[in-house]
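Work through the exercises below with the model at hand. Try each task before reading its solution.

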Amino acid sequence: MSQTYGKTRWKRFALVMVPSIAATAAIGVGLANNALAASFSISGQKFKVYADDLQGDNFAQYGDVLHHTNDKDPNPKAHEAVAVSTFSHATIQHLCQSVTTDIPLLGKWTLQLHAGGDTKDKYVQADNLVIGLNSLEADAQFDNINIGQDASTLPSPAKGGAGMFGQTATHAHLTNVKQTAWSTSASSFSLNGLKLGLAQGDGAGVECF
């Protein structure tokens with residue numbers, strides 16, 4: 001499918017991820033050849049993100065590997081295969097982020113973050129947003145989408161490896177977003193109406209979803 005098809009819509013955004021996940025069969029080869037690298041070592045804790053509405057320019061996606069420790073660690077448990085989603089600029093309405101930690105003697109506690117109001121001047125704003133995720137559900141619409149593009153030719157801030165599966169669109173609009181991720185980075189992240197809170201436990205009513 002080329003950009004001449006204009007807008008494409010999926011009820012479950014996860015469906016478009018199938019080629020990306022299938023492409024991770026080649027990730028082991030890339031890792032062995034030091035072809036793939038993360039921008040930072042991750043903690044190894046997944047977190048959940050929910051948003052009512054996310055719109056982003058210059059969307060790109062490709063398969064990669066994130067590292068718990070360092071690029072030279074031979075332990076396969078130190079690596080996580082992910083689908084990386086990037087936007088040159090994104091606006092987010094009603095953002096929720098939660099991470100649960102099992103604390104010795106105290107049990108499970110969840111840190112929850114909320115930001116982004118009802119009007120555009122109160123939305124969360126992010127530049128050069130990069131997300132390393134392993135699951136995503138949403139209603140999604142893309143403008144001028146290319147599926148199967150070589151990941152090395154994706155627009156900035158994407159940094160996919162040559163010959164790896166990638167996809168790109170000039171604009172993406174996602175609603176009712178439910179995402180589980182290992183990492184998020186951005187060159188700037190403006191959180192309007194930021195609220196942080198701790199709650200004991202996990203699951204429904206404590207985490208974002």
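The exercises go from the overall layout to single residues.

This is a predicted model, in which local features need pLDDT of at least 70, side-chain atom pairs count only at pLDDT 80 or more, and totals for chains, interfaces and linings use all residues. Residues are numbered from 1 along each chain as its sequence is written, and side-chain values use heavy atoms, with hydrogens and water left out.

**Exercise 1. Layout**

Task: List the elements from the N terminus on.

Solution. Start with the count: the protein has two helices and nine strands. Helices (H or I, at least four residues) and strands (E, at least two) are DSSP runs, numbered from the N terminus. Now put them in order: β-α-α-β-β-β-β-β-β-β-β. Then turn to contacts, meaning heavy atoms within 4.5 Å. Among contacts with a separation of 6 or more, 80% join residues 24 or more positions apart.

**Exercise 2. The core**

Task: Find which residues of the largest nonpolar core touch the most other members.

Solution. A nonpolar core is a set of buried Ala, Val, Leu, Ile, Met, Phe, Trp, Tyr and Cys residues joined through side-chain atoms within 4.5 Å. Buried means under 20% relative accessible area, exposed over 50%, partly exposed in between (1.4 Å probe, protein chains only). The largest core has 27 residues, and Phe87, Phe142, Leu174 and Val177 touch the most other members. Strands 2, 3, 4, 5 and 7 each give two or more residues to this core. Strand 5 gives the largest share, nine residues. Next, look around Phe87: its contacts beyond four places in sequence include Leu54, Phe59, Leu129 and Ala172. Another core, of twelve residues, lies apart; Tyr62, Leu66, Val84 and Met164 are among its members.

**Exercise 3. The surface**

Task: Find how much of the accessible surface belongs to carbon and sulfur atoms.

Solution. Areas come from the Shrake-Rupley method with a 1.4 Å probe; for residues, only the protein chains shown count as cover. The total is about 10,600 Å², and 54% of it belongs to carbon and sulfur atoms. Of the 209 residues, 44% count as buried.
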